Amino acid sequence: MLTQFIHAHILTPNGWLEDGSLLVDDNKIVSITPCNLGIIGADIIDVKGLHLVPGGIELHVHGGGGRDFMEGTREAFEVAVKTHMKHGTTAIFPTLSSSSFPMIEAAAETCTEMMAETDSPIMGLHLEGPFFSLEMAGAQMPEYIVPPRPEDYVPIIEKYPCIRRWDAAPEIKGIVPFGEYITSKGVVASIAHTGAGFKEVKAAYNAGFSHATHFYNAMPGFHKYHEYKHEGTVESVYLLDDMTVEVIADGIHVPPIILSLVHKFKGVERTCLITDALAVTDSDSKEAFDPRVIIEDGVCKLADRSALAGSIATMDRLIRTCVHLADIPLEDAVRMASETPAKVMGIFDRKGSLELGKDADLMILDKALNLRGVWAMGKLIEGTLTL
């Protein structure tokens, strides 16, 4: 099946193609050209000068449509994934908050099964915990937080290759062998829910930790203890040039001025946009999956308002927030939502940019950056085309 997008403002790795055509054959991009002559036999979509950009890659998302990945069921996975695909996510790494090991195994079984299906948007499982600092647990369920023990994590990694990322706090005992082990298996190691200073962050980095989870959230910055001043995790991550970061770009978890700061100092190549979205995202339900959580002011919070607890954002909102509120160029915002996540997770050979031979994962955005169409592996996501 041929699909041709014509008169499109196309974001390519070489910059914008002002009035171009992109041809999809089944699920792959086979042509990008300035010629807008229609291909015989192709389904023609006139983009009318709007932006044609790569689909978003979601590194950190807990649920949507009223369902949470912690449920571990196929139904929960399907509902949550489809919810985010309607908003521009075309590849996704479902995320589990700190969970029991049986819960992790149940979700890994479902993830493995769904990843094996043709054209699956699921790229792997992301485990956010349970190896965290209790003092920095935030909205993590404290009853599940434990130290890393090889007898717990080795069998899971060996049994479930679907696990592609695991987050932990650098100051926890046993974190160095944990990082060395999981990265030897090709799993991305990320620091999270931590109070670590530079010495601990650097030791984790040397052990293979290469990424920082929801940067600025659940980690301290520069602070004073008694009369002395100390660096926080934030400054430590900035000092490690090669460490990548992800930011919850809803304009609330990280204020727009801080989004601008991250963009300036970490740059497009080391910054990813994430939603950290919870089950209540794009849902008629006003009840969060976690009974401790409330929805207020466009964000999820612990009921005692002691911490933010995740977002109700979607991929299209991340891009609008970066451009409209943080003055980040559109091409940079899109790359941070697609190219950089693909590189961080090792899938850039087929995802994350509009190039010949890559998967046909596409978004159309209008001049106000509202979503006007989404295609994943060349297939239109139902209900998204509004040209």
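## Close-up views of a predicted model

**View 1. R67 and E71 pair through their side chains.** A salt bridge joins E71 and R67, with N and O 2.7 Å apart. The model shown here, as in every view, is predicted. E71 has a relative accessible area of 27%, so it is partly exposed. R67 is buried, because its relative accessibility is 19% and the cut-off for buried is under 20%. A search of the whole structure finds 24 salt bridges. Side chains of opposite charge can pair when their charged atoms come close.

**View 2. E246 and R165 form a salt bridge between two strands.** The closest N and O atoms of E246 and R165 are 2.9 Å apart. The two residues sit in distant parts of the chain, 81 residues apart. E246 belongs to strand β16 (residues 244-248), and R165 belongs to strand β11 (residues 163-168). Are E246 and R165 buried or exposed? Both E246 and R165 are buried.

View 3. In the salt bridge between E339 and R335, the closest N and O atoms are 3.1 Å apart. E339 is buried, with a relative accessible area of 11%. R335 is partly exposed, with a relative accessible area of 24%. The panel on the network shows K28, R350, K351, D359 and D361. Salt bridges with shared partners join these residues into one network.

**View 4. C111 and C162 are cysteines without a disulfide.** The whole structure has zero disulfides, according to the search. C111 is in none, and its nearest cysteine sulfur is that of C162, 4.3 Å away. A disulfide needs the two sulfur atoms within 2.5 Å. C111 is buried, at 0% relative accessibility. C162 is also buried, at 4% relative accessibility.

**View 5. The largest nonpolar core has 83 residues.** The residues with the most contacts inside this core are L125, W166, F178, F215 and I319. Which helix gives the most to the core? Helix α2 (residues 101-115) does, with six residues. A second core is separate and has 15 residues. Among them are L22, L362, I364 and W375.

**View 6. L125 is in contact with residues from elsewhere in the sequence.** Neighbours within four places in sequence are left aside here. The contacts of L125 include F77, P94, L96, A107 and A108. L125 is also in contact with both C111 and C162. I163, R164 and R165 are in contact with L125 too.

**View 7. T89 is a buried strand residue.** T89 lies in strand β9, which covers residues 89-96. At 1% relative accessibility, T89 counts as buried. Beyond residues up to four places away in sequence, T89 touches G56, E58, H84 and M315.

**View 8. A cis peptide bond joins G129 and P130.** Its omega is about 15°. P130 has its place in strand β10 (residues 125-131).

**View 9. H193 has a positive phi.** The value is about 45°, although H193 is not a glycine. H193 is in the loop between β12 (188-191) and α5 (198-206). Is H193 buried or exposed? At 4% relative accessibility, H193 counts as buried.

View 10. D282 is not a glycine, yet its phi is positive, near 50°. D282 counts as partly exposed, with 42% relative accessibility. S283 counts as buried, at 16% relative accessibility. Which residues does S283 touch, not counting residues up to four places away in sequence? S283 touches G65 and G66.

**View 11. Three leucines make a nonpolar surface patch.** L380, L385 and L387 form this patch of about 220 Å². L380 is in strand β23 (residues 379-380). At 39% relative accessibility, L380 counts as partly exposed.

Key:
Residues are numbered from 1 along each chain as its sequence is written. This is a predicted model: local features need pLDDT of at least 70, side-chain atom pairs count only at pLDDT 80 or more; totals for chains, interfaces and linings use all residues. Side-chain values use heavy atoms; hydrogens and water are left out. Patches are made of residues with over 30% relative accessible area and no salt bridge: like charges are joined within 9 Å, nonpolar side chains (Val, Leu, Ile, Met, Phe, Trp, Tyr) within 5 Å. Accessible areas come from the Shrake-Rupley method with a 1.4 Å probe; for residues, only the protein chains shown count as cover. A salt bridge is a side-chain nitrogen of Lys or Arg within 4 Å of a carboxyl oxygen of Asp or Glu. Helices (H or I, at least four residues) and strands (E, at least two) are DSSP runs, numbered from the N terminus. Buried means under 20% relative accessible area, exposed over 50%, partly exposed in between (1.4 Å probe, protein chains only). A nonpolar core is a set of buried Ala, Val, Leu, Ile, Met, Phe, Trp, Tyr and Cys residues joined through side-chain atoms within 4.5 Å. Contact means heavy atoms within 4.5 Å.
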